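This briefing goes through a structure by topic. The points below can be read alongside the sequence and the coordinates.

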Amino acid sequence: MKKRGLLAALLAVIMILTAGCSSEGKSSTPVGSQNSNAPSIGKTSEGGDIIIGTLLDTSASMAAAGKATVWGADYAVKEINDAGGINGRKLKIIHYDVKGDPNESITAYNRLVDQDKAVAVVGPGLSNIGIALAPVAEDKKVPIVSHFMDERATTNEKTKAAWKYIYLAEPSCNQQAEAIAAYSVEKLNVKTVAILYDSSNAYSTTHAIPYQKYVESKGVKVVASESFTSDAKDYKAQLTKIISTKPDAIFVPAYAQQNALAYKQARELGYTGLIIGNNTYSAPFNTLVQGTPISNLFFIYNVDFQSANTKFLGDAYKSANGTDPLPNVAFGYDNVKIIANALKLAKNPNDSVEVNSLIETKTTAVKTSSGPITIDPTTHRPSGMGVFIAKWDESGKKISLLDYYKS
Amino acid sequence: MNVTFLIQQLINGLSRGAVYALIAVGFALIFSVLKFSNFGHGGLISVSAFAGYFFAGVLKFNPVVSVILSAVVGALLGVLLDFIAFKNLRKHKSPSIYYFVSSITAGILFMNVLTIFFGTTFYSIPPFFSQPTINLGNIIIAKLDATIFIVCSVLLAAVMLVINKTSLGLALRAVSMDADTAKLMGMNSNAVVTFTFLIAGMLAGVSGIFLGANFTVDPFIGNMVAKGFIASVVGGLGSLPGSIAGALMLGVIEVILTTACGDIITPALIFVFMLIFLLIRPQGISGKFIQEKA
């Protein structure tokens, strides 16, 4: 009887795990566009489909952002197919969940290239993963277009040249950090600043360093620079040290949960000054700090869903999902549009080398939801693209865009 | 660095230590009775944190009710954990190391089941206090941290009372000394052990909701059990009051090292400190030498 009880318990555990496995986003399983939040893709036709893939985090710490990117990418594919496809051929997109893990991403990328025969890939948003994928893409010669913002993902640190098969379709960490640094100096009149960042995260450090360099070049004094590791949740020791130096502003460029904890703890410790941040202060930051008024907080915001270029996308997302879109919806859409532009120009869209060459040289004022995007062939990053500076309203329900800064 | 700064950092350290103490009490209880390090406790904390979010954030129960219900959930999960991971090992009189391995596996299982159903999205428990801090001049004390410290102390006192002053506690101590002899004396040692897991689960339930309220809820919040382990080791494995003292010491030392040396090197220095401390006092602050530890 006891053995049966144990067996029953084990079977129950297996059933629970199987129930979870049946949901979308499972690692290494192509999901296609089965996400109920995404628009349906046009039917695949026999032969002739052009295959692209995505490597996105749909179940890790950046799952909300990853799922939004998937939605945007699917929407772009549907839009392209509804308009006749790529020179008459349907575009097919295959999704892989990479769980925020570089090894998982490399495995999925290799599967996309070797088994699924993808000619181009929409890459994940995490910079650590972009850096890991860059040399692999060089080897496999299938281009990746993404929004991982660390410049080391697009520039080979040893040769200082651009990695040949990887592209960034939004301003880099350097560009974004310099934009908000410029805003800090010019509009917020910051004279002293402290920095609190995640030392174990490339994304965070590649905001902190250029921010510091920029403000110091403008005569602002950096009175403290403290760090935490990614598994830490209590930053009060660092914040107490920072607050004791009485900075006009604290710059905190990290992930949403870390930013929320830092913001709450800074306010709890009595700091009422400016807090300045990166582009992860949009939702769910406002729900994570519930109970703490949001004020004196300025951050980077990449996409204005009320602008003429982007409204259609934001409205479509809201209509389908009932919630306001994250900027990542636009990232997914834009990445696919850049790839599609190259596919349309290619003599042989199944030749990833040719497609890559066209992404590099012919991405000029390509119409996307973020406006026209031009990729600089020498850096593989956009040129002339800016970011918004934003803040939350007092209710913590709405984001106001204050200014637009180009690097 | 002025006096206010130093006092504030001391309070920060004690606050951090209070969080660790909440974890360490449940961890130490299992060790004191069953003589192994139960890393499944982390899984219980994670599930209980989600339960706390459900009660406080979704059903909008008040904090006291939410804490009580999370404790109940944790208690039931503790019994489930015993059933899944340890009961069969007891039946076959397995070596202590098997319990240790099974506990780690169970902890990972709980957290990953949470990930399957909830992803790794973060959830926020509504604040317990409308005014979150007590201001004593320039010194700030977070009410939630103070509450955690008080709750931890009360729970410790309650558990010590049960263990030392009740017949059930007597049975617990008897089973911890020798389960077979306790059986011969007419005690149902299995039931006593299950009751121990029920208590430890209740402590995990309380830990989970308070940790979730302090740091937001995610499936891997239970990984903080590692801090509970360090606190228990420093405090003396098997000593409940020692685990609290160890936790507070750990919190203060972490803050001191972070302030002086930065957060990057602090984790390594903590382990160096632990090694040196155990070289000097291997039984911990108030523990006794225990054989067959796992």
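In this predicted model, the centres of domain 1 and domain 2 of chain A, taken over C-alpha atoms, are separated by 29 Å.

**Domains of chain A**

- Domain 1 of chain A consists of 23-171 + 309-376, and domain 2 of chain A consists of 174-301 + 388-406.
- Where the two domains meet, domain 1 of chain A contributes 12 residues and domain 2 of chain A contributes 11 residues.
- On the side of domain 1 that touches domain 2, helix α4 (residues 127-140) of chain A gives the largest share, three residues.
- That side of domain 1 is made up of seven nonpolar, three polar and two charged residues.

**Chain A overall**

- Chain A contains 12 helices and 16 strands.
- Chain A has 407 residues, and 55% of them count as buried.
- Of the contacts in chain A between residues at least 6 apart in sequence, 67% join residues at least 24 apart.

**Contact between chains A and B**

- Chain A puts 34 residues into the contact, and chain B puts in 31 residues.
- On the side of chain A that touches chain B, at least two residues come from each of α1 (2-21), α2 (63-82), β7 (221-228), α7, α8 (256-268) and α9 (285-288) of chain A.
- The residues on this side of chain A comprise 15 nonpolar, 14 polar and five charged.

**Helix α7 of chain A against helix α1 of chain B**

- Helix α7 (residues 236-243) of chain A and helix α1 (residues 3-34) of chain B have axes that come within 9 Å and cross at roughly 165°.
- Because of this angle, α7(A) is roughly antiparallel to α1(B).
- The two helices, α7(A) and α1(B), cross in a right-handed sense.
- From α7(A), the residues A:K236, A:A237 and A:T240 meet B:F5, B:Q8, B:Q9 and B:N12 of α1(B).
- The residues of this contact between α7(A) and α1(B) are two nonpolar, four polar and one charged.

**Burial of helix α7 of chain A**

- Helix α7(A) is largely enclosed by the rest of the structure, because eight of its eight residues are buried.
- These buried residues are A:K236, A:A237, A:Q238, A:L239, A:T240, A:K241, A:I242 and A:I243.
- Within chain A, the buried residues of α7(A) pack against β6 (192-198), β7, β8 (249-252) and α8.
- From chain B, their packing partners are α1 and α10 (240-261).

**Helices α5 and α6 of chain B**

- Helix α5 (residues 143-165) of chain B packs on α6(B) at an angle of about 80°, and their axes are 5 Å apart.
- This angle is why α5(B) counts as roughly perpendicular to α6(B).
- The contact joins B:V162, B:I163, B:N164 and B:K165 of α5(B) with B:L168, B:G169, B:L172 and B:R173 of α6(B).
- By class, the residues of the contact of α5(B) with α6(B) are four nonpolar, two polar and two charged.

**Residue B:S167**

- B:S167 lies in helix α6 (residues 167-177) of chain B.
- With 7 other C-beta atoms within 10 Å, B:S167 is exposed.
- Along the chain, B:S167 and B:P267 are 100 residues apart, and 42 Å separate their C-alpha atoms.

Technical notes: Residues numbered from 1 in each chain as written. Chains lettered and ligands numbered in written order. Predicted model: local features only at pLDDT ≥ 70, side-chain atom pairs only at ≥ 80, totals over all residues. Axes fitted to C-alpha atoms, helices over the stretch in contact; angles between N-to-C directions. Helix = DSSP H or I, 4+ residues; strand = E, 2+ residues; numbered from the N terminus. Parallel < 35°, antiparallel > 145°, perpendicular 65-115°, else oblique. Left-handed = near helix turned anticlockwise from the far one by under 90°. Contact = placed C-beta atoms within 7 Å. Nonpolar A, V, L, I, M, F, W, Y, C, P; charged D, E, K, R; others polar. Domains from an automatic or database assignment. Buried ≥ 20, exposed ≤ 12 C-beta atoms within 10 Å, placed from the backbone.
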